[in-house]
Amino acid sequence: MRTNIILQCTVCKRRNYVTVKNKKNTTERLERKKYCPWDRKHTIHREVR
């Protein structure tokens, strides 16, 4: 079962990205290093519940 999730920047706290994940395989929160346009650098983005 794949569900849509929102990724939020850990630095500026803005919600920048939307992606999908399989909840059966990855039960913990998703963390990715993505580009933040407001900070103009790559930062860690975490899944928002």
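Start at Arg-40, in the loop between β3 and β4. Strands here are DSSP runs of E, at least two residues long, numbered from the N terminus. Arg-40 is exposed because its relative accessibility is 70%. The cut-offs: buried is under 20% relative accessible area, exposed is over 50%, and partly exposed lies in between, with a 1.4 Å probe and protein chains only. Now check the backbone. Phi of Arg-40 is near 60 degrees, a positive value in a residue that is not glycine. The hairpin of β3 and β4 has 4 residues between the strands.

A word on the model before moving on. It is predicted, so local features need pLDDT of at least 70 and side-chain atom pairs need 80 or more, while totals for chains, interfaces and linings use all residues. Residues are numbered from 1 along each chain as its sequence is written, and side-chain values use heavy atoms, with hydrogens and water left out.

Pro-37 counts as partly exposed because its relative accessibility is 43%. The C-alpha atoms of Pro-37 and Asn-16 are separated by 8.4 Å, and the two residues are 21 apart along the chain.

Two strands count as paired if DSSP finds at least two bridges between them. Click Cys-36: its bridge partner in β4 is Lys-41. Then click Lys-33, which stands opposite Ile-44 in β4.

**Zoom out to the sheet**

Show the whole chain as a cartoon. There are 0 helices and 4 strands; a helix would be a DSSP run of H or I with at least four residues. Along the sequence the pattern reads β-β-β-β.

The C-alpha atoms fill a box of roughly 35 × 15 × 15 Å along the principal axes. Of the 49 residues, 24% count as buried.

**Strand β1, two faces**

Select residues 2–9, strand β1. In a regular strand the side chains alternate between the two faces of the sheet. Which residues of β1 are buried? Thr-3, Ile-5, Leu-7 and Cys-9 point to one face and are buried.

β1 and β2 run antiparallel, joined by 7 bridges. Asn-4 stands opposite Val-20 in β2. β1 and β4 also pair in the antiparallel sense, over 4 bridges. Here Cys-9 has His-45 in β4 as its bridge partner.

**The other hairpin**

Go to Lys-13, in the loop between β1 and β2. This hairpin has 5 residues between the strands. Lys-13 has a positive phi of about 65 degrees although it is not a glycine. Lys-13 counts as exposed because its relative accessibility is 54%.

Return to β4 and select Glu-47. Is Glu-47 buried or exposed? Glu-47 is buried because its relative accessibility is 9%. Show side chains: Glu-47 makes a polar contact with Lys-21, side chain to side chain, at 2.9 Å. A polar contact is a pair of N or O atoms within 3.5 Å; within protein, one must be able to donate a hydrogen and the other to accept it, and residues adjacent in sequence count only if both atoms are side-chain atoms. Beyond four places in sequence, the contacts of Glu-47 (heavy atoms within 4.5 Å) include Ile-5, Leu-7, Glu-28 and Leu-30.

**Last stop, Tyr-17**

Select Tyr-17 and Lys-34. Lys-34 lies over the face of the Tyr-17 ring, 4.5 Å from the ring centre. The rule asks for NZ of Lys or CZ of Arg within 6 Å of the ring centre and within 35 degrees of the ring normal.
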